[in-house]
Amino acid sequence: MKTKAAIAWKAGAPLTIEEVDLEGPKEGEVLVEIKATGICHTDYYTLSGADPEGIFPSILGHEGAGVVVDVGPGVKSLRKDDHVIPLYTPECRQCKFCLSQKTNLCQSIRSTQGRGLMPDATSRFSIDGKPIFHYMGTSTFSNYIVVPEIALAKVRPDAPFDKICYIGCGVTTGVGAVLFTAKVEAGANVVVFGLGGIGLNVIQAAKMVGADKIIGVDLNPARQAIARKFGMTHFINPGETENVVDAIVQLTDGGADYSFECIGNVTTMRQSLECCHKGWGQSIIIGVAAAGQEISTRPFQLVTGRVWKGSAFGGARGRTDVPKIVDWYMEGKLNIDDLITHRLPLERINEGFDLMKSGESIRSVVLY
Ligand code: NAD
Ligand code: DAO
Ligand code: ZN
């Protein structure tokens, strides 16, 4: 069949809207009509050329929601008309990683997904017979996609696509980091570096679990108002603060119980560790730093009990946890609506990237 998609032909070039050939679903695969997709910082990271794993030409996008149109042989858990969210972190429930119950990083299709291919090592997308690569196993900047069954979370049918698409990455990454990775407890002091599409979700989850102080750090003063609306209690602008770590240690009587780095900057990653409380403070790294970057600190920071941890997709097991997060949104426990600041047709997707780069948007959503 044909599908309309935004193609990333090469790093740094604007996306172009094209008609693409899409092969139907093979064994264990599902054809999905994407109804809406968010534009995440990570799409920009890959498009910019900073991502060492970036492959071109490809169809970016990893924050979508849509409807099952057809299923391939052997698909058991999904059928036509089911509402789904594609998962860039699948959940096969069979591999060593899934069975360990220690991580959400299912590895069953990792090697092909990382090469922009489906599990049989071919692409379903092509133009004039030349393959166009998949991205993060999702490629939600295409109106129709083919995805392995294990990379789809089935969600309730009354949830609006233009909101729950954001659960495909940003909401789950931020909320999950608080609930699943850090397991923040009521009364904890929390620091959030970067108040964008991820950091604001960390803030709302910290408030949800009853955190005490929730301190936000951002260079953009315009982020203060929305972060306060989501539960931030104190704001630090590094541009106006001599020593960010000292300021946090003073505000929290010795340091944060939990800090979250949601920028992707190695300097703020170090601050995120060093602002933690001696003996127990945990720094959770969510931001993705550019290729070749390294983090550093004095090892004594770790010897004296501070912990550095990472979190991918919020530590969420997609097929199990994403439907629950959709329920929390539908029950009014999570606010997604106020984070979606812009809506665009696919034809204007490049404007969505510009709005992100200028700091004007929190999330832009493309509607098909
Ligand atoms: P964003 O651009 O919406 O937000 C980043 C925020 O950081 C902005 O408000 C910006 O003003 C602020 N900022 C930038 N530099 C700063 C500095 N030096 N000091 C203080 N504030 C600064 O980005 P986002 O969509 O929230 O993504 C944040 C990071 O998370 C990115 O690196 C993205 O790639 C990564 N990410 C990780 C995962 C994961 O699973 N680990 C998932 C999605 C995104
Ligand atoms: O299993 O080796 C692996 C890779 C897992 C990918 C997790 C990606 C999380 C960070 C990238 C940002 C996603 C938008
Ligand atoms: Zn697995």
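**Close-up views of a predicted model**

View 1. Helices (H or I, at least four residues) and strands (E, at least two) are DSSP runs, numbered from the N terminus. Axes are lines fitted to C-alpha atoms, for helices over the stretch in contact, and angles run from 0 to 180 degrees between N-to-C directions. The model is predicted: local features need pLDDT of at least 70, side-chain atom pairs count only at pLDDT 80 or more, and totals for chains, interfaces and linings use all residues. Residues are numbered from 1 along each chain as its sequence is written, while chains are lettered from A and ligands numbered from 1 in the order in which they are written.

View 2. Three bridges join strand 11 (residues 214–217) to strand 12 in the parallel sense. Gly-216 stands opposite Phe-235 of strand 12.

**View 3. Helix 5 and helix 6.** The axes of these helices come within 7 Å and cross at roughly 45 degrees. Helix 5 is therefore oblique to helix 6. Angles under 35 degrees count as roughly parallel, over 145 as roughly antiparallel, 65 to 115 as roughly perpendicular and the rest as oblique. Helix 5 passes helix 6 in a right-handed crossing; a crossing is right-handed if the near helix is turned clockwise from the far one by less than a right angle, and left-handed if anticlockwise. On helix 5 the contact is made by Gly-170, Val-171, Thr-173, Gly-174, Val-175, Ala-177, Val-178 and Leu-179, and on helix 6 by Gly-199, Asn-201, Val-202, Ala-205 and Ala-206. Two residues are in contact if their C-beta atoms, placed from the backbone, lie within 7 Å. By class, this contact has eight nonpolar, five polar and no charged residues. Ala, Val, Leu, Ile, Met, Phe, Trp, Tyr, Cys and Pro count as nonpolar, Asp, Glu, Lys and Arg as charged, and the others, Gly among them, as polar.

**View 4. Helix 6 and helix 7.** Helix 6 (residues 199–208) packs with helix 7 (residues 223–230) at an angle of about 30 degrees, the axes lying 8 Å apart. Helix 6 is therefore roughly parallel to helix 7. The crossing of helix 6 past helix 7 is right-handed. Leu-200, Ile-203, Gln-204 and Lys-207 of helix 6 make the contact with Ile-226, Ala-227 and Phe-230 of helix 7. Five nonpolar, one polar and one charged residues form this contact.

**View 5. Helix 5 and helix 11.** The axes of helix 5 and helix 11 (residues 318–330) come within 11 Å and cross at roughly 95 degrees. Helix 5 is therefore roughly perpendicular to helix 11. Val-171, Thr-172, Val-175 and Gly-176 of helix 5 make the contact with Asp-321, Val-322 and Ile-325 of helix 11. These residues divide into four nonpolar, two polar and one charged.

**View 6. Surroundings of the two ligands.** Ligand 1 is surrounded by 32 residues, the closest being His-41, Gly-194, Gly-196, Ile-198 and Gly-264; a residue is near a molecule or strand if its C-beta atom, placed from the backbone, lies within 6 Å of it. Helix 1 (41–48) and helix 5 each supply at least two residues of this shell, and the largest share, three residues, comes from helix 1. The shell around ligand 1 has 15 nonpolar, 15 polar and two charged residues. Around ligand 2 are Cys-40, Thr-42, His-62, Thr-89, Leu-105, Gln-107, Arg-110, Cys-169, Val-288, Ala-312 and Phe-313. The shell of ligand 2 divides into six nonpolar, four polar and one charged.

**View 7. Two backbone features in loops.** Most residues other than glycine have a negative phi, and most peptide bonds are trans. A cis peptide bond joins Phe-56 and Pro-57, with omega about -5 degrees. Pro-57 lies in the loop between helix 1 and strand 4 (64–71). Arg-93, a residue other than glycine, has a positive phi near 65 degrees. The loop that holds Arg-93 runs between strand 5 (83–86) and helix 2 (96–100).

Terms used. Two strands pair if DSSP finds at least two bridges between them.
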